[in-house]
Amino acid sequence: MKDASSLWAADALLPGGWARGVTLDWDDRGRLTAVRAGTAPEPGRPRAAGPLVPGMPNLHSHAFQRGFCGLTEYRAQVADSFWSWRELMYRCAGRIDPAQAEAIATWLYVEMLEAGYTSVCEFHYLHHDAQGRPYAQAPEMALALLRAADRAGIGMTLLPVLYQAGGFGGVAAHAGQRRFLHDTPAMMRLLDSLKPACDAQGARLGLAPHSLRAVPPGSLREALAGLDALDATAPIHIHVAEQVKEVEDCIAWSGLPPVRWLLEHAPVGPRWCLVHATHMTPDEARDAARTGAVAGLCPTTEANLGDGLFDMVHWREGGGRWGVGSDSHSTVNAAEELQWLEYGLRLAKRQRNVMAEPGQPHVATAMTLAAVAGGARAGGRPVAGLAPGQQADFVELDPDHIALAGLSAQDMLSAHVFGSHRTSAIRSVRVAGRTRVQDGRHALREAAAAAFVEVRRTLVAEA
Ligand code: ZN
């Protein structure tokens, strides 16, 4: 059944705030052609049952990591850390084949849609086979992710990862990293070969230099030039300053902390997403924010890995943009990332409603609008909310959910973020106007879940 190309909602969250009596119209591609507030419902035009909020772009995902959630939550060393977690992650990553990656990603994208995400930036580095040899068809793993996104119906920005070294100064990569490695010309060929498949399904292709520890300066320059030749507006994502050790190693190597190094040696600007950027000096935070780059925040993963708290205070002083990602997928829930981001700030500052804006005192509303705008910029796709020219990506809250029933639309969103069982307060989700979740469930839920569980059983048995 073809979805309607028009919908009326009593309440909808537009880029400027909540509006009453909103009529949305979209075209065959799922792009909004008109967004009109103050309208009355018309006979024959479908009506939303609950308030509409823009779909959340998930700006940072490593899909395969969903396959081993729960398997690293025990103490293996006296002081477990990101680095001991990474060893366990590499052991799991070493075994996954393309069919398994596709099954894991399909289930993950179903979960994302049910949890309010309507597009995803895949920071994809599992390129080669388990021995580190390219597949016969080199982009096989990336194509598996594109197929998963297409089946689930989630929008995608595909970010093949450039990974060349095991540490700052070109330290050789070790065996656990062999599936990730490309020289720069090989990466350019990979991008070229993926462009048609991305274009065919409306996915955006960008590039992710993994981190400064994994990409030497000369390769970074060459790869960015190569990307510009392919698409001079393509998104660029990089992990940066996630861990104190990474900052210390970068200073030992270059005399500068990693964000400062990037600002001085790379054209950081609005095309860039600085993923994590947890450990910055106040000056670094303000200066990086002023470039227009998006901070890619993954609060539940950063908590799970013990990374630290992002310096939102100085980032905002620089007018910084930000969005959220589910990264390692220990949590897959757009509302929960917002909740954790705000709670981290409340605990650190001993204040409440830290992320309110001068014109928007309601924290959940202010955070949703900021994260949608930042996530859309990071993904390089027209998913920046309910406005003409943007994609019709939106979430309908469930007005009958016990946590929401009887509240104003604005308070329903607050309850969804801070006081509900989160995913269960979502009634439906549309991507490019097409219904992907109805009554809280995705049509592929049972089949995708069964395939995922089977793959995980195999992976755990092989461990
Ligand atoms: Zn990451």
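## The largest pocket

The lining of the largest pocket is made up of seven nonpolar, five polar and four charged residues, where Asp, Glu, Lys and Arg count as charged, Ala, Val, Leu, Ile, Met, Phe, Trp, Tyr, Cys and Pro as nonpolar, and the others, Gly among them, as polar. This is a predicted model, in which local features need pLDDT of at least 70 and side-chain atom pairs count only at pLDDT 80 or more, while totals for chains, interfaces and linings use all residues. Residues are numbered from 1 along each chain as its sequence is written, and side-chain values use heavy atoms, with hydrogens and water left out.

Of the 16 lining residues, Asp150, Ile154, Gln201, Ala432 and Arg436 lie nearest the centre of the largest pocket; a pocket is, on a 1 Å grid over the protein atoms alone, an open set of points where a 1.4 Å probe fits, with protein on both sides within 12 Å along at least five of seven lines, and lining residues have an atom within 4 Å of a point.

## The zinc site

His60, His62 and His239 each coordinate the zinc ion through NE2, at 2.0 to 2.2 Å, donors being N, O and S atoms within 2.8 Å of the metal (3.2 Å for Na, K and Ca), and since water is not among the atoms, sites may look incomplete. Along the chain these donors follow the spacing H-x1-H-x176-H.

## Salt bridges around Asp287

Asp287 forms a salt bridge (a side-chain nitrogen of Lys or Arg within 4 Å of a carboxyl oxygen of Asp or Glu) with Arg260, at 2.9 Å between the closest N and O atoms, and another with Arg290, at 3.2 Å.
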